[in-house]
Amino acid sequence: MDSANDTPVIRIHPADNVVIARRQLVGGTPLPGEGVTVAGLVPPGHKVAVRAIAAGQPVRRYNQVIGVARQDIVPGQHVHTHNLAFSDFERDYAVGHDAHATDYVDRPATFDGIVRPDGRVATRNYIGVLTSVNCSATVARAIADHFRRDIRPEALAAYPHVDGVVALTHGLGCATGSDGEPLRVLRRTLGGYARHVNFGALMVVGLGCETNQISGLMEQEGLQESGQLQTFSIQGTGGTRHAVARGIELVEQMLADANRVQRQPVPASHLTVGLQCGGSDGYSGISANPALGAAVDLLVRHGGAAILSETPEIYGGEHLLTRRAVSPAVADKLLARLRWWEDYCARNDAEMDNNPSAGNKAGGLTTILEKSLGAIAKSGTTNLVDVLEYAEPVRARGLVFMDTPGYDPVSATGQVAGGANLICFTTGRGSAYGCAPSPSLKLATNTELWLRQADDIDINCGEVVDGRSDVQTMGERIFRLMLDTASGRRSKSEIHGYGQNEFVPWQLGAVM
């Protein structure tokens with residue numbers, strides 16, 4: 001990839017018939033090395049044709065098809081929604097063609113983690129207040145608010161090793177079938193959070209008459225009450241005031257034990273990192289996403305795990321993942337999830353190519369194919385070792401795929417339910433996001449965003465676009481930041497208090 005900072009465009013692959021504007025280009029700007037002069041205004045991050053492309057012919061970026069020309073395109077023209085359209089095409093799945101043995105390091109890196117009695121390792125130490133149904137959300141929030149350090153600093157003053165008390169509320173739990181996929185998926189999600197290693201203790205608060213009975217949740221997920229896991233309902237406790245008081249009492253009983261933790265050096269193999277991208281732009285697949293992919297390669301070499309997700313946002317690029325599958329069975333599981341999505345969209349009168357978003361398009365992305373190819377770059381180059389359904393537990397080490405929607409809060413909620421104890425989130429437009437109980441790192445794709453929104457961003461990958469760094473160097477910086485954050489360094493989103501409102505389980509099926 002060309003990234004010399006004195007050139008006005010970036011060429012990603014020699015076979016591409018478009019290049020990417022490094023900055024805003026005006027008509028008459030020559031493109032050195034391309035033999036082309038820009039015709040008209042081209043915004044930063046957007047595409048410029050460098051070859052004649054006839055109507056109906058494919059447009060190529062990353063040496064992959066990102067759509068077809070709606071009309072004849074001449075060299076120098078801006079290529080975007082006005083002259084580029086989505087078009088399906090045959091994929092060569094070539095299962096396992098690019099799979100290769102992982103080059104594990106001899107001496108894995110370490111971070112300072114919290115080792116639980118069962119041997120699992122946490123990156124944070126929260127007490128959680130989980131709800132079975134929307135009706136208990138107000139009570140859960142009142143319990144957590146009682147222990148907010150910014151409101152009542154004395155509440156946790158004696159418990160410095162507790163990161164906080166967080167309420168994870170949602171809008172589900174009733175008005176659905178008493179069995180079937182929607183309720184199973186919700187309970188699987190709640191169960192994943194109830195077991196999450198970053199909770200030192202947790203309670204589940206219900207209303208009492210909801211479809212998602214706490215007893216059913218506990219049975220499906222194999223959970224049992226203990227000093228670290230308590231449950232109660234508003235109706236069974238005597239109403240709102242009594243329920244809030246009961247929750248506060250339980251937290252106060254849990255605090256002393258939860259505070260008895262110490263960090264100690266542990267191998268990086270205990271990291272499970274969820275990969276997210278939101279508010280993407282034309283630079284995402286050039287800077288932050290491949291840099292995160294380079295960090296993922298390092299993480300895997302050190303024995304850790306990474307979760308790629310957002311199934312609608314790998315659509316059209318899934319063949320790049322099947323080529324890395326360790327077995328036909330893994331590739332088949334991925335393709336089966338895509339077929340499920342095609343059926344899901346058909347049932348809900350939607351289209352798989354109904355993407356990118358308005359912000360993505362403003363940033364230079366035109367079709368879902370283009371967006372997917374850039375999004376997959378987050379996964380690096382190592383083997384795809386497993387494919388999971390939403391919120392299923394991650395048990396394998398290496399790169400895994402979890403089937404989730406593309407909507408970031410829903411997707412990351414599934415990843416955390418599956419065991420992610422850290423999230424890495426790339427953005428080109430400035431997404432605001434956090435993810436309790438797992439810290440979330442924000443990676444900017446361009447320096448303009450970094451300068452404008454530095455309070456929200458943890459690292460500027462725009463240096464790759466500027467020519468001041470490269471993908472591998474940036475990947476090493478991200479990997480080190482992962483280790484520092486897992487050791488307790490607070491991310492920007494944690495400093496701002498993000499994380500509780502971003503708990504959004506996937507709502508499947510009809511609301512009755």
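**Rings, cores and an enclosed helix**

Me: What makes Arg91 a charge over the face of Tyr315?

Reply: Arg91 lies 5.4 Å from the ring centre of Tyr315. The criterion asks for NZ of Lys or CZ of Arg within 6 Å of the ring centre and within 35 degrees of the ring normal. Arg347 has its charged end over the ring of Trp340, 5.9 Å from the centre. The model is predicted: local features need pLDDT of at least 70 and side-chain atom pairs pLDDT 80 or more, while totals for chains, interfaces and linings use all residues. Numbering runs from 1 along each chain as its sequence is written, and side-chain values use heavy atoms, with hydrogens and water left out.

Me: Why is the pair of Trp340 and Trp341 called edge-to-face?

Reply: Rings of Phe, Tyr and Trp (its six-membered ring) pair if their centres lie within 6.5 Å; planes under 30 degrees apart count as stacked, over 60 as edge-to-face and the rest as tilted. The centres of Trp340 and Trp341 are 5.6 Å apart and their planes stand at 80 degrees, so the pair is edge-to-face. The whole structure holds 10 aromatic pairs. Trp340 and Trp341 belong to one aromatic cluster with Tyr344, Tyr390 and Trp506.

Me: How do you know that Trp340 is buried?

Reply: Buried means under 20% relative accessible area, exposed over 50%, and partly exposed in between (1.4 Å probe, protein chains only). Trp340 has 17% and is therefore buried; Trp341, at 6%, is buried as well.

Me: Which residues does Trp341 touch?

Reply: Trp341 is in contact (heavy atoms within 4.5 Å) with Thr311, Pro312, Met352, Asp403, Thr404, Pro405 and Trp506, leaving aside residues up to four places away in sequence.

Me: Which members of the largest nonpolar core touch the most others?

Reply: A nonpolar core is a set of buried Ala, Val, Leu, Ile, Met, Phe, Trp, Tyr and Cys residues joined through side-chain atoms within 4.5 Å. In this core of 47 residues they are Leu130, Tyr193, Phe199, Leu202, Val204, Trp341 and Trp506. Helix α8 (residues 328-347) gives the most to the core, with six residues.

Me: Why is helix α11 described as largely enclosed?

Reply: Helices (H or I, at least four residues) and strands (E, at least two) are DSSP runs, numbered from the N terminus. In α11 (residues 408-417), 10 of the 10 residues are buried, so the rest of the structure largely encloses the helix. Its cover includes α2 (181-194) and β20 (398-402).
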